[in-house]
Amino acid sequence: MENEYFLRVRNVSKTFPSVKALDNVSFSVKTGEVHALIGENGAGKSTLIKILAGVYEPDPGAHIEIEGEVIGKLNPITSVRHGISIIFQDFSLFANLTVAENIAISSSLQQGSTLVDWKNMRQIARKAIDYLGVDIPLDSRLGNLSIAKQQLVAIARSLASNAKMIIMDEPTSALSKGEVDILFKIIRNLQADGISVVFVSHKLEELFEVCETFTILRDGKYIGDYPAREMDNSKLISLMVGRSVSYDRLEAKAIGETILEVQNLTKAGNFKDISFQLHRGEILGITGLVGSGRTEMVHALFGLNKPDNGTILLNGSPVDFATPSDAVAAGIAFVPENRALEGLVLRQNMRDNITLAVLDQLTNSLKLIDQKRLLNEAEKWIKEINVRPAVPDMPAGQFSGGNAQRIVIGKWLATHPKILIIDEPTNGIDVGAKAEIHRLMRQLADDGMAIIMISSELPEVLAISDRVLVMRRGRINGEFMGSQINSESIMNKAFLADNKVG
Amino acid sequence: MKEWMKTKEFMILMIVIAVFLIISIGNPTAFLTTGNIFDIVKSNLVLAIAAMGMLPIILTGGIDVSVGALMGVASVMSAYFMIHVSDNIALGFLAGALSGILFGAVNGAFIAFMKMPPIVATLGTLSIYQGLMNFITNGNWITNIPAGFVEFGKTYLFDLVPVQFIFLIVMVALTWWLLKYTYWGRGVFAIGGNIISAERIGFNVKRLQFMLYMFIGFVSGIAGVVRTSIFGQVDPKVFTGFELKVIGAVVVGGASTSGGYGSVLGTLLGVVLMGLLENGMILLKIPTFWQKIFIGSVILFAVTADILRAKRAEAKRIKVDVA
Ligand SMILES: Nc1ncnc2c1ncn2[C@@H]1O[C@H](COP(=O)(O)OP(=O)(O)OP(=O)(O)O)[C@@H](O)[C@H]1O
Ligand SMILES: [Mg+2]
């Protein structure tokens with residue numbers, strides 16, 4: 001008889017030395033179901049997934065049942081053998097290997113072979129790629145592919161290992177809208193073939209598009225399972241955070257004089273004819289599709305990407321940053337999009353990470369590091385950005401994805417920049433905390449900071465931008481202020497060329 | 001440009017050819033003789049074998065600076081074995097290989113199971129193995145190698161190919177096969193690409209790392225005994241500083257020091273290049289200190305080129321389609 005449930009898990013707890021990440025959690029997934037696993041940053045989603053992957057061992061007493069069979073212990077090999085396949089937040093692929101090997105290696109490994117059958121590997125890879133109906137050359141090095149294609153390779157790898165349940169940890173955070181649509185189409189095909197998909201994401205709108213059931217975790221505890229049709233955004237959010245959250249529009253107190261002016265900035269292949277002004281106390285939102293040149297453009301303001309042409313004026317005088325440290329010295333801070341990877345020394349503790357960029361200011365009269373001031377400074381920002389757990393000594397690598405992001409933000413705020421450039425400020429940050437980050441940004445602006453915020457999330461752009469630039473294919477395609485800022489006009493400018501309508 | 005012309009190996013080959021031409025023009029009478037070419041081959045054969053052990057380690061992003069000491073200890077052990085226990089040639093090689101494996105396993109245990117950084121662990125054992133070797137030999141040469149073995153070392157196949165060449169070919173073929181056709185070898189590449197992912201998809205990373213350091217022990221053991229067969233004696237000091245050459249050859253051969261990229265062919269070309277440079281500088285009568293400075297610069301250049309290449313590849317990926 002077919003099992004109604006592919007996976008049934010009960011009494012799963014996981015205790016780390018510093019926290020209880022999971023506390024008696026249950027989790028059941030039906031065969032052929034698309035299931036959302038949601039919760040705030042640090043709620044325990046990734047930990048639960050890693051237990052199912054056999055990466056972490058749960059505390060004793062956990063009950064795990066796959067297709068009706070009670071499983072004693074999982075390790076990475078047996079987990080795959082039971083049909084569980086995980087696409088981790090970072091994909092866990094190998095940039096130095098070919099597409100074919102990336103797809104086939106785990107299934108071959110799982111068969112316990114010691115010798116490599118290259119022909120068979122290619123066949124396995126071919127089959128999976130054909131199933132997805134995408135065009136990716138088997139022999140190219142994975143590292144040469146775009147993020148979206150790498151994502152597809154990760155899915156192909158799951159298929160190749162005959163996955164019956166594919167778990168995706170925040171799969172859409174690096175994808176554009178069009179790419180997300182392709183992903184969803186593939187998910188529906190998988191579902192039609194009886195494969196269960198578990199989807200972890202902070203983007204609730206997307207989850208409503210594909211998921212049938214929501215499982216909610218809060219502080220490591222199981223809150224419940226809810227069918228999608230009985231849910232809406234605000235119900236989900238209040239279950240996740242235990243209170244209701246709204247995106248209030250936060251208005252600027254006072255906008256001051258021009259601090260940064262950009263004139264005709266151009267870089268071949270990146271962006272063209274970019275001109276705008278930034279004022280003290282202002283939050284300038286820059287939006288547009290992923291790949292519209294936003295990130296490349298702000299890289300140029302930070303000395304990371306040398307423009308071919310154009311002028312950058314800081315306080316009225318032209319500047320030319322050769323390196324990011326020049327930009328930092330001039331009072332500019334840049335919080336990159338890919339924070340977990342770019343911004344942290346994972347083995348060092350949170351305290352040292354937050355104060356890394358300001359060490360030279362935290363010295364005593366002997367020019368040695370003043371540990372007490374360092375701790376004070378770190379604790380101030382830990383509180384300000386609300387990192388959980390608020391343990392300054394915990395290594396950065398042990399924080400959940402979203403909390404690691406906050407640490408990077410804290411690190412840059414600690415430099416007291418005059419201009420803050422922040423790329424996707426709430427990427428990977430849970431809905432409750434988004435509003436907190438927005439309030440913090442507004443507070444900083446009110447205290448006189450000028451902020452450039454790149455964001456793909458329209459509600460966010462609408463909530464806190466004083467002015468919005470919309471980029472399309474490397475150019476500024478529209479500019480909106482105050483009451484002109486609304487989703488319709490922004491979407492129009494993001495998707496359509498200037499002169500076309502409809 | 002054809003795809004294969006863009007590979008690192010092709011670039012290194014071009015450099016090898018250029019260096020070859022420069023030296024031939026600079027000193028044609030001494031360089032282009034069969035005797036000299038055979039000298040180059042013979043004196044770099046041991047280096048090439050040892051590099052086969054180093055390549056997989058560098059591919060995982062690790063390093064073994066004790067390789068010279070491993071070779072030294074293994075050749076001393078095998079020499080004593082042949083002198084005092086049995087003069088059987090095969091057993092002599094076996095003794096060298098086994099002691100190499102044993103000492104390599106010590107390195108592997110520290111690195112894989114105690115999670116010690118490879119540079120620290122092997123730096124420590126480098127000193128221990130060297131001390132051990134000096135203790136056993138009193139720093140003296142071992143010259144009473146059994147005659148049968150010395151004779152064996154002078155054998156030529158078809159009156160042309162030195163017997164040591166066979167060892168080189170076997171070790172190269174073995175390493176190539178292991179890297180390409182076993183999951184151990186693919187695991188080496190996987191670890192070099194992304195160690196966490198390698199663990200997640202089920203590679204036994206600890207065991208694999210442990211075996212890597214045993215493998216270089218094995219290879220160094222063979223290389224050490226091969227050297228004994230060439231010179232008919234063991235000089236316990238000759239391997240001091242040899243690690244620079246071995247690591248240098250692998251890196252100059254295009255292997256990335258951060259792991260993941262590199263090949264057997266590239267490493268062989270790296271050995272040839274290093275060998276040619278060394279020989280060429282001697283023939284061109286360049287003072288020793290300049291030779292050292294030059295070799296060091298070549299290694300730094302190779303590493304720099306690798307880093308720049310990686311950066312450029314990264315930059316190429318953030319391209320935007322501008323209207
Ligand atoms: N290796 C570890 N050592 C110690 N604590 C850990 C470790 N991994 C996770 N934790 C802690 O366990 C808790 C749950 O983390 P987890 O990564 O599961 O959260 P999450 O729900 O995935 O959050 P996010 O949405 O931010 O990714 C956090 O408090 C985190 O700091
Ligand atoms: Mg997570």
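In this predicted model, A:R467 is buried, with a relative accessible area of 4%. Its salt-bridge partner is A:E479, and the closest N and O atoms of the two are 2.7 Å apart. This pair links distant parts of the chain: A:R467 belongs to strand β19 of chain A, whereas A:E479 belongs to strand β20 (residues 475-481) of chain A, 12 residues apart. Through shared partners, salt bridges join A:E282, A:R467 and A:E479 into one network.

Further salt bridges

Over all chains, the count comes to 19 salt bridges. Three of them are set out below.

| A:E479 | A:R467 | 2.7 Å |

A:D466 lies in the loop between α16 (458-464) and β19 (467-472) of chain A, and A:R442 lies in helix α15 (residues 431-446) of chain A, 24 residues apart. A:D466 is classed as buried because its relative accessible area of 9% is under 20%. A:R442 is likewise buried, at 5%.

In soluble globular proteins, nonpolar side chains tend to be buried together. The largest nonpolar core of this model has 151 residues, and those with the most contacts inside it are A:I38, A:I103, B:I49, B:F203 and B:V226. Helix α3 (residues 34-59) of chain B gives the most to this core, with 14 residues. A second, separate core has 74 residues, including A:L278, A:F334, A:A445 and A:V470.

Beyond residues up to four places away in sequence, A:I38 touches A:K45, A:S201, A:L204, A:L207, A:F214, A:T215, A:I216, A:L217, A:L236 and A:M240.

The surroundings of B:Y183

B:Y183 is found in helix α9 (residues 183-193) of chain B. With a relative accessible area of 6%, B:Y183 is buried. Leaving aside its neighbours within four places in sequence, B:Y183 is in contact with residues of chain A, namely A:I105, A:S108, A:L109, A:S113, A:T114, A:L115, A:V116 and A:M121, and also with B:F203. The C-alpha atoms of B:Y183 and B:G259 are separated by 17 Å, and these residues are 76 residues apart along the chain.

Key
Residues numbered from 1 in each chain as written. Chains lettered and ligands numbered in written order. Predicted model: local features only at pLDDT ≥ 70, side-chain atom pairs only at ≥ 80, totals over all residues. Heavy atoms only, no water. Helix = DSSP H or I, 4+ residues; strand = E, 2+ residues; numbered from the N terminus. Buried < 20%, exposed > 50% of the residue type's maximum accessible area, 1.4 Å probe, protein only. Contact = heavy atoms within 4.5 Å. Core = buried A, V, L, I, M, F, W, Y, C linked by side-chain atoms within 4.5 Å. Salt bridge = Lys/Arg side-chain N within 4 Å of Asp/Glu carboxyl O.
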